[in-house]
Amino acid sequence: MSNEMKSMKSLRERAKEFDVRLPFMEGREKGETKELLGTVNTITEYGFLPNEQGVAYACFIVAERPGKFYFGGTVITDRLEQLEAEGYHEAVNAEGLPVLMTEKKSKNNRTFTNVVFFPED
């Protein structure tokens, strides 16, 4: 066996690297964001995963649906990345982050998910 083959990972090890998961996803099933539309939900944990192009997107859980996790679109991903960069991750875990998601139409008539944090304020 060549040195190159000896230093390579096994097929199993390499293939499992494609299944990137965050610890809070374990034991939960994937929910559809549409389930969350129009009601206030509390984000209690979030993280980021890379897509095929290497761009991060948000994954999160909400207190109101303990058995599920959700993938976020561009708007919630951008806002959670900003909160993360400003050091608010621990506050989200400790306090929860109330969020109201609704569908909106852009000027180009595209549907997107609008995100409002602390909607009762």
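Select E32 to begin: E32 is partly exposed, with a relative accessible area of 46%, where partly exposed covers the range between buried (under 20% relative accessible area) and exposed (over 50%), taken with a 1.4 Å probe and protein chains only. This is a predicted model, in which local features need pLDDT of at least 70 and side-chain atom pairs count only at pLDDT 80 or more, while totals for chains, interfaces and linings use all residues. Residues are numbered from 1 along each chain as its sequence is written, and side-chain values use heavy atoms, with hydrogens and water left out.

K30 and E32 form a salt bridge, their closest N and O atoms lying 3.3 Å apart; the term denotes a side-chain nitrogen of Lys or Arg within 4 Å of a carboxyl oxygen of Asp or Glu. K30 is also partly exposed, at 42% relative accessibility. By this rule there are three salt bridges.

Next, select E103 and K34, whose side chains meet in a salt bridge of 3.0 Å, N to O. Because E103 lies in strand β5 and K34 in the loop between β1 (29-30) and β2, this pair ties together parts that are 69 residues apart in sequence. Strands (E, at least two residues) and helices (H or I, at least four) are DSSP runs, numbered from the N terminus. E103 is partly exposed at 41%, whereas K34 is exposed at 61%.

For the remaining pair, select E35 and K68, which form a salt bridge with closest N and O atoms 3.0 Å apart. E35 sits in the loop between β1 and β2 and K68 in strand β4 (residues 68-71), 33 residues apart.

Which residues touch the most other members of the largest nonpolar core? They are I43, F60, I76, L80 and M101, out of 15 residues in that core. A nonpolar core is a set of buried Ala, Val, Leu, Ile, Met, Phe, Trp, Tyr and Cys residues joined through side-chain atoms within 4.5 Å. Colour β2 (40-50), β3 (56-62), α3 (74-85) and β5 (97-105), each of which supplies at least two residues of this core. A second, separate core of seven residues includes L22, F24, C59 and I61.

Beyond its neighbours within four places in sequence, I43 is in contact (heavy atoms within 4.5 Å) with residues including F60, I76, V92 and F117.

Finally, show the whole chain as a cartoon. Buried residues make up 27% of the 121 residues.
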